[in-house]
Amino acid sequence: MRFASKIAAAASGALLLVALPVGAQAQSKLDEVLARGHLIVGTGSTNAPWHFKGEGDVLQGFDIDIAKIVAKGLFDDPEKVEFVLQASDARIPNVVTDKVDITCQFMTVTAARAQQIAVTIPYYREGVGLMLPAGSQYADYAALKAAGSAVTISVLQNVYAEELVHQALPEARVDQYDAQDLIYQALDAGRADAAVTDQSSIAWLLVQQPGKYKDGGYGWSPQTYACAVKRGDQEWLNFVNTALHEAMTGVEFNAYAASFKKWFGVDLPPPSIGFPVEFK
Amino acid sequence: MSAAQAFFDVLWGARMALLGGLATTVLVSLLAVLAGTLLGVVVGLVLSYLRGPLNWLVRLYVDFIRGTPVLVLILASFYVLGTVGWKLNALQAGVLALAIFCSSHVGEIVRGALGAVPRGQTEAARTLGLSFPLTFALILLPQAARIALPAWVNTAAEIVKASTLLSIVGVAELLLATQEVIARSFMGLPFYVFAGAVYFAVNFAIERLGKALERRLATDTTQ
């Protein structure tokens, strides 16, 4: 996959050079989408709770709900969306080459990416956390840290995985596994005392399998998730930002909060009434 | 046993999605092999019988395509063709890339097979007064097909395996359908093994079909 991502990055870079001089669009993507009558969204299908297929083979997840919120803003109908499946590597190329109107696929915002595509306002802040078996001898993060090198942590294989774990637990033993399901299997089998994984995954598993695991209560390594649109179309970017903003602070808050509750099991407090929350 | 039971429960629940993925894999591979073979035969004929610029051009095409990873061809046909105004969806772009990849291999197989038919066969046909098209259709093609068949079957199996790369551009073939099931069930190992077994079954069927065809062609010439 790393090779594929390099190819995709190179392709997107090269295509950017080709695409940019065409520049000045006659009309905004906003008009194009409205005229078409449905929104084309690039997303994935293999990562719960973000974008995945349920039992009925229907695409669902938090990214999917975010896309539907944008569609509701456009057509007053959240179902007027066509989802285009794409690998993570294809997120930026598909936006740059107009295969999709927008990508909503748990994309971490980085300054380097923002040079290639226009990033919307964030709709989630991800971080890693610790997940323990419900009946663990360790109560929480503090207990794990106090146990020092007696603790074994399972984590997804990555070049920086060991460093990531040691940022929170400097002395812990680190066992790396090459698939997400295996780090949970290590936990179930007692090979690891805790798993280090995305906090959204922890929240999802706590909802899915209540009573089996518990959250260590400590998060680190923050990253921002946002949608992406093609550069050079401020009107379209403004529209999507407005739709997302009002979902998190305004008229569509209930839809956003219901989705948040469904996928992460957390009740969001409604935005305080009165002075706009953004300027506090 | 409960783990096996859980696996079969999930497998049964996902049967339509997985069958859909298998159907896409078979359809994509079939279209790519058919189109690639037609184009490949033309390529092989040009390489064998034409001299001059067209031959050089086709030689360049074959060498370039054969020296390029299939993944690059897929990304190119999906992204690059779009920028020059030819907008293909993921499935069309995937079939095109696989067909082109297939054609370069079939072209070489056909060229090699035609070259392996003894020159005396063409000369004998000429002394009998057959025109080149007739010589080709009646004398060279049946013999070359027999020589080319094992390598062609090999290429067809390669195309089935290469079709897994289409998941990168979002074609819901068998591998992507399998990964979608893994994403909700966290049963990575059993479902990857399952997908591997299905791919093996498809390719084993192709191999058997090839063997049957070989036997048939062999008896045709000995009668």
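This is a predicted model: local features need pLDDT of at least 70, side-chain atom pairs count only at pLDDT 80 or more; totals for chains, interfaces and linings use all residues.
Residues are numbered from 1 along each chain as its sequence is written, chains are lettered from A and ligands numbered from 1 in the order in which they are written, and side-chain values use heavy atoms, with hydrogens and water left out.

**Stop 1: A:P222**

Select A:P222. This residue is exposed, because its relative accessibility is 68%. A:P222 sits in strand β11 of chain A, residues 213-229. Strands (E, at least two residues) and helices (H or I, at least four) are DSSP runs, numbered from the N terminus.

**Stop 2**

Most residues other than glycine have a negative phi, and most peptide bonds are trans. The next selections depart from that.

Go to A:A48 and A:P49. The peptide bond joining them is cis, with omega near 0 degrees. A:P49 belongs to the loop between β2 (46-47) and β3 (51-53) of chain A.

Move to A:D98. Its phi is positive, near 60 degrees, and the residue is not a glycine. Look for A:D98 in the loop between α4 (91-96) and β6 (102-108) of chain A. A:D98 counts as partly exposed because its relative accessibility is 31%.

Then pick A:F106. This non-glycine residue also has a positive phi, of about 25 degrees. Its place is in strand β6 of chain A. A:F106 is buried, at 16% relative accessible area.

**Stop 3: helix α3 of chain A**

Select residues 62-75 of chain A. These 14 residues form helix α3, and at 1.5 Å a residue they should span 20 Å; the end C-alpha atoms are 20 Å apart, which agrees. The expected span is 1.5 Å times one less than the number of residues in the helix.

Is the helix enclosed or open? 11 of the 14 residues of α3(A) are buried, so the rest of the structure largely encloses this helix. Colour the buried set, which includes A:F62, A:I64, A:I66, A:V70, A:L74 and A:F75. A:D63 and A:D65 are among the buried residues too. Step just past the end of α3(A) to A:D76, where phi is positive at about 55 degrees.

**Stop 4: helix α10 of chain A**

Select A:A258, in helix α10 of chain A (residues 253-264). A:A258 is partly exposed, since its relative accessibility is 47%.

**Stop 5**

A pocket here is found on a 1 Å grid over the protein atoms alone: an open set of points where a 1.4 Å probe fits, with protein on both sides within 12 Å along at least five of seven lines; lining residues have an atom within 4 Å of a point. The second largest pocket holds about 550 Å³ of space. Of its 24 lining residues, A:Q209, B:R184, B:S185, B:F186 and B:M187 are the closest to its centre.

Which elements give two or more residues to the lining? They are α7 (180-188) and α8 (199-208) of chain A, along with α1 (2-13) and α8 (174-185) of chain B. α1(B) gives the most, with five residues.

Domain 1 (2-117 + 230-279) and domain 2 (127-222) of chain A both contribute to the lining, so the pocket lies between them.

**Stop 6: chain B**

Show chain B by itself. Chain B has nine helices and zero strands. Its C-alpha trace spans about 75 × 50 × 20 Å along the principal axes. Of its 223 residues, 44% are buried.

Select residues 90-116 of chain B. That is helix α5, with 27 residues that should span 39 Å at 1.5 Å a residue; its end C-alpha atoms are 39 Å apart, which agrees.

B:G112 is partly exposed, given its 37% relative accessibility. Its C-alpha atom is separated by 8.6 Å from that of B:A144, 32 residues apart along the chain.

Notes:
Grid points are joined across faces, edges and corners, and a volume is the space filled by probe spheres set on the points. Domain bounds come from an automatic or database domain assignment. Buried means under 20% relative accessible area, exposed over 50%, partly exposed in between (1.4 Å probe, protein chains only).
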